[in-house]
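Here is a short briefing on a strand pairing, the sheet around it and a pocket. Have a look at the model, then read on.

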Amino acid sequence: MAGNVRVTTELKNPSEMGMHYRLLCMTGPNKGKVYYLIGKRAVIGRGDTADIQIVDTKISREHAELSFADNAYTITDLGASNGIIVNDSKVKQKKLHDGEKLVIGQTVFKYNVIQVTQSNEMIIAEANPDSAMAKEIKKGVKVKAPSRIPKGEEDFKVEKVDVKNTNKNRNIIFAVIAVAILFILFSGGDEKVKIKGGKSGNKGDLEIFNEQMVVKPTKDDADVKKKLDALIHSGRREFSEGNYFRAMEDFRLALLLSPGNGQASFYQSKAKQRLDEEITNNFEKGAQEQDAKKFQAAIVSFCSVAQLIKEYPDDERYKNAMLKLSAIESALGMEKGEIKCFKEKSANSGN
């Protein structure tokens with residue numbers, strides 16, 4: 001792992017100049033961990049040999065591969081049963097771009113490309129071009145910048161930091177900022193603005209200042225809300241059409257984007273309840289019909305169970321339904337597999 005990925009819990013951007021490629025884990029036991037991709041290849045999986053090891057039962061031992069080429073990372077599905085989702089679309093392979101979200105198993109990652117064009121050392125040197133540090137940098141000597149202002153006067157590499165002067169300069173800066181804010185608050189109080197109803201009036205300086213300080217939603221927030229709304233809308237449509245497994249999957253993805261979302265949680269629970277009820281009713285009906293030798297009716301009931309969960313053949317209820325159908329085939333003297341619950345795809349369909 002050390003050669004391909006650097007793991008940290010520090011969320012701030014790196015200080016070293018250059019391009020940085022980062023995966024941020026947003027859900028699950030690894031939530032908050034940051035994975036910097038520094039090798040040509042990194043494997044994401046549940047196994048001990050994975051470069052990015054994730055404790056998630058829906059993730060395979062070697063689930064996905066990240067490979068670096070042409071100044072970008074590409075993610076590839078390594079044949080995992082649950083696949084990879086990038087921006088709500090299931091993919092086999094995709095070149096990643098900054099800001100994209102990855103869903104692997106039940107774990108959500110955010111991928112970022114960060115370009116650092118100026119290091120901390122350069123910033124300090126520009127702020128004080130006559131310092132010993134600046135002179136060393138100009139000579140090509142790399143000088144490590146302090147991560148914080150020392151509490152007392154102490155020698156740092158090639159220059160001594162004067163804390164008193166630093167604090168004094170800081171106080172001057174704060175004073176200038178305070179004067180600027182007061183100027184904004186008390187100048188321009190007679191500014192005429194249009195108010196609701198088409199009338200003009202005086203808009204208070206404090207109100208103008210507060211409007212300027214409002215934090216507007218970012219593009220990422222808007223994109224997430226748009227995807228969340230689309231998933232909930234799709235899930236509700238599938239629910240109303242009786243496609244309960246598909247509805248549950250849409251609501252599961254919605255909860256990955258917005259954990260604890262009320263609508264998604266409610267409808268996911270209702271979809272599971274309806275699915276369980278329908279499967280139970282069909283099983284009971286099929287068993288009664290089979291006991292009464294009403295085999296054709298029993299076939300319809302057990303096929304209904306299989307059709308409800310056809311996308312999950314490992315489900316025990318699916319397996320039980322197929323066993324019931326196999327028993328009916330034997331009772332009717334039919335060949336094994338002769339009962340077809342699903343339409344066979346045409347050889348020319350291309351699917």
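I85 stands opposite V103 in β11. β8 (residues 84–86) and β11 pair in the antiparallel sense over three bridges; strands are DSSP runs (E, at least two residues) and helices are DSSP runs (H or I, at least four), numbered from the N terminus, and two strands pair if DSSP finds at least two bridges between them. This is a predicted model, in which local features need pLDDT of at least 70 and side-chain atom pairs 80 or more, while totals for chains, interfaces and linings use all residues. Residues are numbered from 1 along each chain as its sequence is written, and side-chain values use heavy atoms, without hydrogens and water.

**The sheet**
- Seven strands make up an open, antiparallel sheet, ordered β1-β3-β2-β12-β11-β8-β9.
- At its edges are β1 (5–8) and β9 (89–91), each pairing on one side only.

**The largest pocket**
- Its volume is about 880 Å³, taken as the space filled by probe spheres set on grid points joined across faces, edges and corners.
- A pocket here is an open set of points on a 1 Å grid over the protein atoms alone, where a 1.4 Å probe fits, with protein on both sides within 12 Å along at least five of seven lines; lining residues have an atom within 4 Å of a point.
- The lining has 24 residues, with K58, N82, E249, R252 and Y312 nearest the pocket's centre.
- β11 (101–104) and α6 (244–257) each supply at least two lining residues, and α6 gives the most, with seven.
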